[in-house]
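Have a look at the sequence and the fold first, and then read on.

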Amino acid sequence: MKEIEFYFDWDNHKVIFNDGTICDINEEKNSFIYRNTEFTLEADVEKDLSNTFNIRYVNLTEY
């Protein structure tokens, strides 16, 4: 299965994917839009992305 890595750039309010996509984090909604689909940060983002696009997504963010 294809794998896409991503991480959260909290300082700049972005989600950055290794496929070249950079998404702005909407602080009011606590979400971001990736490939025309909105994802909330309060959910399991890895699981939601993987289920939506049938690709494995790996969060590289260090907490």
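This is a predicted model: local features need pLDDT of at least 70, side-chain atom pairs count only at pLDDT 80 or more; totals for chains, interfaces and linings use all residues.

## A sheet, strand by strand

Serine 31 stands opposite threonine 40 in E5.

Residues are numbered from 1 along each chain as its sequence is written, and side-chain values use heavy atoms, with hydrogens and water left out.

Back to the strands. In what order do the six strands lie in the open sheet? The order is E5-E4-E3-E2-E1-E6, with mixed pairing. At the edges are strand E5 (37–40) and strand E6 (56–59), each of which pairs on one side only. On average, neighbouring strands of this sheet are turned by 30° against each other, direction ignored; such angles can run from 0 to 180 degrees between N-to-C directions, and the axes are lines fitted to C-alpha atoms, for helices over the stretch in contact.

Strands of a sheet pair through backbone hydrogen bonds, either parallel or antiparallel. Here two strands count as paired if DSSP finds at least two bridges between them.

| Strands | Sense | Bridges |
|---|---|---|
| E2 and E3 | antiparallel | three bridges |
| E3 and E4 | antiparallel | two bridges |
| E4 and E5 | antiparallel | four bridges |

Lysine 14 has aspartate 24 in E3 as its bridge partner, and asparagine 26 has serine 31 in E4.

## Turns and loops

E2 and E3 form a hairpin with four residues between them, and glycine 20 in the turn has a positive phi of about 95°. E3 and E4 also form a hairpin with four residues between them; in that turn, asparagine 30 has a positive phi of about 55°.

The loop between E4 and E5 holds arginine 35 and asparagine 36. Arginine 35 has a positive phi of about 50° although it is not a glycine, and asparagine 36, also not a glycine, has a positive phi near 65°. Are these residues buried or exposed? Buried means under 20% relative accessible area, exposed over 50%, and partly exposed in between (1.4 Å probe, protein chains only). Arginine 35 counts as partly exposed because its relative accessibility is 44%, whereas asparagine 36 is exposed at 79%.

## The core and its rings

E3 has two faces: Cys23 and Ile25 are on the covered one, while Ile22, Asp24 and Asn26 are on the uncovered one.

The largest nonpolar core has 16 residues, and those with the most contacts inside it are Phe17, Phe32, Tyr34, Leu49 and Tyr57. Strands E1 (3–9), E2 (14–17), E3 (22–26) and E4 (31–34) and helix H1 (45–53) each give two or more residues to this core. A nonpolar core here is a set of buried Ala, Val, Leu, Ile, Met, Phe, Trp, Tyr and Cys residues joined through side-chain atoms within 4.5 Å.

What does phenylalanine 17 touch, leaving aside neighbours within four places in sequence? Its contacts (heavy atoms within 4.5 Å) are Ile4, Glu5, Phe6, Cys23, Phe32, Tyr34, Leu49 and Tyr57.

Now for the aromatic rings. Rings of Phe, Tyr and Trp (its six-membered ring) pair if their centres lie within 6.5 Å; planes under 30 degrees apart count as stacked, over 60 as edge-to-face and the rest as tilted. By this rule the count comes to 12 aromatic pairs. One of them joins phenylalanine 8 and phenylalanine 32 edge-to-face, at 6.4 Å centre to centre and 75° between the planes. Phenylalanine 8 lies in strand E1 and phenylalanine 32 in strand E4, so the pair ties together parts that are 24 residues apart in sequence. Phenylalanine 8 is buried at 7% relative accessible area, and phenylalanine 32 is buried at 1%. Phenylalanine 53 and tyrosine 57 form a tilted pair, at 6.4 Å centre to centre and 55° between the planes; both residues are buried.
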